[in-house]
Amino acid sequence: MDLGPHAAFIWISYAAVTVTVTGLILWLIADGRKQAADLDALERQGIKRRSAAGVK
């Protein structure tokens, strides 16, 4: 694969995008786990979700 004289710029761009997307995915996973832990803590305190009462 010949990327020409701009190969370094192209590879650095791919690396930057890869690092950014990987960071966003890891942040989403960590935030989802934190939100689930916060909801579990609230439910242990007796605070229920309004949507849970409406399920029949």
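Tutor: In this predicted model, Lys and Arg count as positive and Asp and Glu as negative, while His and the chain ends are left out.

Student: How far apart are the mean positions of the positive and negative charges of the chain?

Tutor: The chain carries 7 positive and 5 negative charges.

Student: Which two side chains meet in a salt bridge?

Tutor: The structure holds one salt bridge. A pair qualifies when a side-chain nitrogen of Lys or Arg is within 4 Å of a carboxyl oxygen of Asp or Glu. At 2.9 Å from N to O, the pair is Asp38 and Lys34.

Student: In which helix do Asp38 and Lys34 lie?

Tutor: The two residues are four apart, about one turn of the helix. Both belong to the run of residues 7-44, helix α1.

Student: Is Asp38 buried, exposed or partly exposed?

Tutor: Buried means under 20% relative accessible area and exposed means over 50%. Asp38 has 33%, so it falls in between. Its partner in the salt bridge, Lys34, has 46% and is also in that class. Asp38 therefore counts as partly exposed.

Student: What share of the residues of the chain count as buried?

Tutor: The chain exposes about 5,200 Å², of which carbon and sulfur atoms supply 67%. Of its 56 residues, the buried share is 0%.

Student: What is the radius of gyration of the chain?

Tutor: The chain has two helices and zero strands. For 56 residues the globule rule gives 10 Å, and the chain is well over that, so it is more spread out than a compact globule. Its C-alpha trace spans about 65 × 25 × 15 Å along the principal axes. The radius of gyration is 22 Å.

Terms used: Residues are numbered from 1 along each chain as its sequence is written. This is a predicted model: local features need pLDDT of at least 70, side-chain atom pairs count only at pLDDT 80 or more; totals for chains, interfaces and linings use all residues. Side-chain values use heavy atoms; hydrogens and water are left out. The radius of gyration is taken over C-alpha atoms; the globule rule is 2.2 Å times the number of residues to the power 0.38. Buried means under 20% relative accessible area, exposed over 50%, partly exposed in between (1.4 Å probe, protein chains only). Accessible areas come from the Shrake-Rupley method with a 1.4 Å probe; for residues, only the protein chains shown count as cover. The place of a charge is taken as NZ of Lys, CZ of Arg, CG of Asp or CD of Glu.
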